[in-house]
Every structure is written in structure tokens, then in C-alpha cells.
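Let's work through a few exercises together, one step at a time. Keep the structure open beside you as you read.

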Amino acid sequence: MEPFLQIFLVFVKIGSVSFGGGYAMLPFIEQEVITVNKWLTPTEFLDVLAISQITPGPIAINSATFIGFNHLGFLGSLLATTGIVFGPFIFMSIVSGFIEKYKSSSLMKNILSYIKPVTVALILSATYSTFLKSVLDGKSLVIFLVSAALLMYTKIHPIGILLSFGVVGIILNIL
């Protein structure tokens, strides 16, 4: 029973101390899953990110579900998913009345003004880490630059870009 308790507690910890949403949680998830517990390799973690991003739903929950399933099957996915939402659920249940009561106070505004830059830093950290592990050669750099340019300078939907590169990749692998 120990591995099941461990996966639940790891994701409770991740969910309880991470602020700013799924992308801000990614560096912490990465550290816990790859470095500390060695449940996934860096390459497998990138696969988890890719699957979590194209699957409907929040990336942190999708990642927890996939990691839990990969490590311990269905029960592992259930425990990891429950764990990642458990802490925030309890925390928000306790503080929601306080936040509602003091949402316009200067103290609350100051607290939030300090949390925002930290959240941006965590998201940038996840972006940088993912970039270093994903852009490994000239071909992947070209794909990254073309994708970034299409996203920033055209009105092509990101799903269309993803699908077109997926089709190109399949064709190149067949040839």
C-alpha cells in the first residue's frame, strides 16, 4: 500500500504549494516525478506534457492522471488526480470566506501583487525547461520557430498548427 500512499501524498504536496495554475506547477511536478521519485524519465515527462496539453482539461490534473496511471495503473491515476486537487480544495474551503470578506483590502491586494510575478517566473521556468528538452537539433529548432511565428503572426488556430505538423511528421517517418 505504500506506493499508493506515496503517489497521493506527492500530488497533495504539489497541489498544496503550487500557485498560478497548471503551467506554474510544472517545474514542481517535474522535480518530484523525475528527480525525487524517478517515476519518469525527462523524455517520458515531455510526452506527458504533450498528451496533457492536447487532452481537454487542466494540464496539472491531466499530468497527474497520466503519471499516476503510468506508475500504478487505474488506482494510481485516481489517487494522483485526487491528490493534486485535494490541497487546493481544502485550502479554498477554509479561506474562501476570508477572501470574499477582505477582497478589496489593501493587504489582499498586496499579497496578490507579490504572487503574480512569482507565478510568471514559474511559468517561464517551465517554458525554458521544456524548450531545452524539446529543441534538440536543427529540425526541432525550425519546427519551433515556424510554430511560434505562425502562432504569433497568423490567425491559424493552434490545433490546426499542431495537426499540420503531426501530419508532416507522420509523412516524414513513412518516407
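**Exercise 1.** Find which residues Ser-52 is in contact with, leaving aside its neighbours within four places in sequence.

*Solution.* Step 1: contact means heavy atoms within 4.5 Å. Step 2: with those neighbours set aside, the partners of Ser-52 are Ile-59, Asn-62 and Ser-63. Step 3: Ser-52 itself sits in helix α3, residues 42-54 (a helix is a DSSP run of H or I, at least four residues, numbered from the N terminus).

Before going on, note that this is a predicted model, in which local features need pLDDT of at least 70, side-chain atom pairs count only at pLDDT 80 or more, and totals for chains, interfaces and linings use all residues. Residues are numbered from 1 along each chain as its sequence is written, and side-chain values use heavy atoms, with hydrogens and water left out.

**Exercise 2.** Decide whether Ser-52 is buried or exposed, and find which backbone oxygen its side chain reaches.

*Solution.* Step 1: buried means under 20% relative accessible area, exposed over 50%, and partly exposed in between, using a 1.4 Å probe and protein chains only. Step 2: Ser-52 has a relative accessible area of 2%, so Ser-52 is buried. Step 3: its side chain reaches the backbone oxygen of Val-48 at 2.8 Å.

**Exercise 3.** Now try Ser-77: where does it lie, and what does its side chain reach?

*Solution.* Step 1: Ser-77 lies in helix α4, residues 59-102. Step 2: with a relative accessible area of 8%, Ser-77 is buried. Step 3: its side chain reaches the backbone oxygen of Phe-74 at 2.7 Å. Step 4: not counting residues up to four places away in sequence, Ser-77 touches Thr-65, Gly-68 and Phe-69.

**Exercise 4.** Which residues touch the most other members of the largest nonpolar core?

*Solution.* Step 1: a nonpolar core is a set of buried Ala, Val, Leu, Ile, Met, Phe, Trp, Tyr and Cys residues joined through side-chain atoms within 4.5 Å. Step 2: this core has 22 residues, and Phe-11, Ile-29, Ile-67 and Ile-84 touch the most other members. Step 3: helix α4 gives the largest share, six residues.

Note on methods:
Helix = DSSP H or I, 4+ residues; strand = E, 2+ residues; numbered from the N terminus. Polar contact = N/O pair within 3.5 Å; in protein donor to acceptor, adjacent residues only side chain to side chain.
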